[in-house]
Amino acid sequence: MLLHLSTWQEVEAYLQQSRGIIFPIGSTEQHGPTGLIGTDAICAEAIARGVGEATQAIVGPTINVGMALHHTAFPGSISLRPSTMILVLRDYITCLAKAGFTKFYFINGHGGNIATLKAAFSEIYAHLEDIQIPNAQRVQCQVGNWFMCGSVYKLAKELYGDQEGSHATPSEVAVTQFVYPEAIKQAPLSEEVATGHRIYGAADFRQKYPDGRMGSNPALATPEHGKQLYELAVKELSNGYLEFLNAD
């Protein structure tokens, strides 16, 4: 059940059965010479919809722009500042908490979002109590990072070994190839790829990682791999969502 394709009456009826909602959250940022700029949002959205179908949960609109300031020296990348992202999430959750939602499960496709999401949750809990939302103390938020699922990590290592890397990875590129086979990209990739540098500002990031990859070889990706990774992520995160939904 997709929120944006539902009516308010359908949402009201849903709330009689469940107080949980799933939000895909990703990023709009460069993913190397062959990775789509929307990779992180594409993966999160596809997997969240799969989890929604498997668990009969409502799925909110994808949050396509995340915290990716360090990628903004590459054309096409868009980022929210951490403070902006916190306010966006606060406003989303405040509206839905007023309606009766209490369990917010974010399926995340971007490592750079993790710290800001955790900070946002602390801000949100305090804000809801400050404005005295009914049942504010019952509101809970959790993050499920699809790329950190144990089964996904294991398969990615089996398929790609050390060439998985940590950004513009073959695993995430493979999922986008599965979801959008018509948008598969080809480009020359150098055998040597930068890895191991600390992340600071955008200009420094581009200097250290000139083609945008971080230790990865996305040429290894295939749509068939993407299907396998997608199915593993949906299964593991479906279990995670149901455990979160049913926990006190």
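I looked up the crossing of helix 2 and helix 6 and found it left-handed (the near helix is turned anticlockwise from the far one by less than a right angle). This is a predicted model, where local features need pLDDT of at least 70, side-chain atom pairs count only at pLDDT 80 or more, and totals for chains, interfaces and linings use all residues. Residues are numbered from 1 along each chain as its sequence is written, and side-chain values use heavy atoms, without hydrogens and water.

I noted the packing angle of helix 2 (residues 39-55) and helix 6 as about 65 degrees, with the axes 9 Å apart. Axes are lines fitted to C-alpha atoms over the stretch in contact, and angles run from 0 to 180 degrees between N-to-C directions. Helices are DSSP runs of H or I, at least four residues, numbered from the N terminus.

I listed the contact (heavy atoms within 4.5 Å). T39, D40, I42, C43 and A46 of helix 2 meet E172, V175, T176 and V179 of helix 6. I sorted these residues into five nonpolar, two polar and two charged.

Next, pockets. A pocket is an open set of points on a 1 Å grid where a 1.4 Å probe fits, with protein on both sides within 12 Å along at least five of seven lines; lining residues have an atom within 4 Å of a point. I read about 530 Å³ for the largest pocket. Its lining has 25 residues, with G111, F147, S166, H167 and T169 closest to the centre. Helix 5 gives the largest share of that lining, four residues. The second largest pocket holds about 180 Å³.

Note on methods
Grid points are joined across faces, edges and corners, and a volume is the space filled by probe spheres set on the points. Helices (H or I, at least four residues) and strands (E, at least two) are DSSP runs, numbered from the N terminus. Ala, Val, Leu, Ile, Met, Phe, Trp, Tyr, Cys and Pro count as nonpolar, Asp, Glu, Lys and Arg as charged, and the others, Gly among them, as polar.
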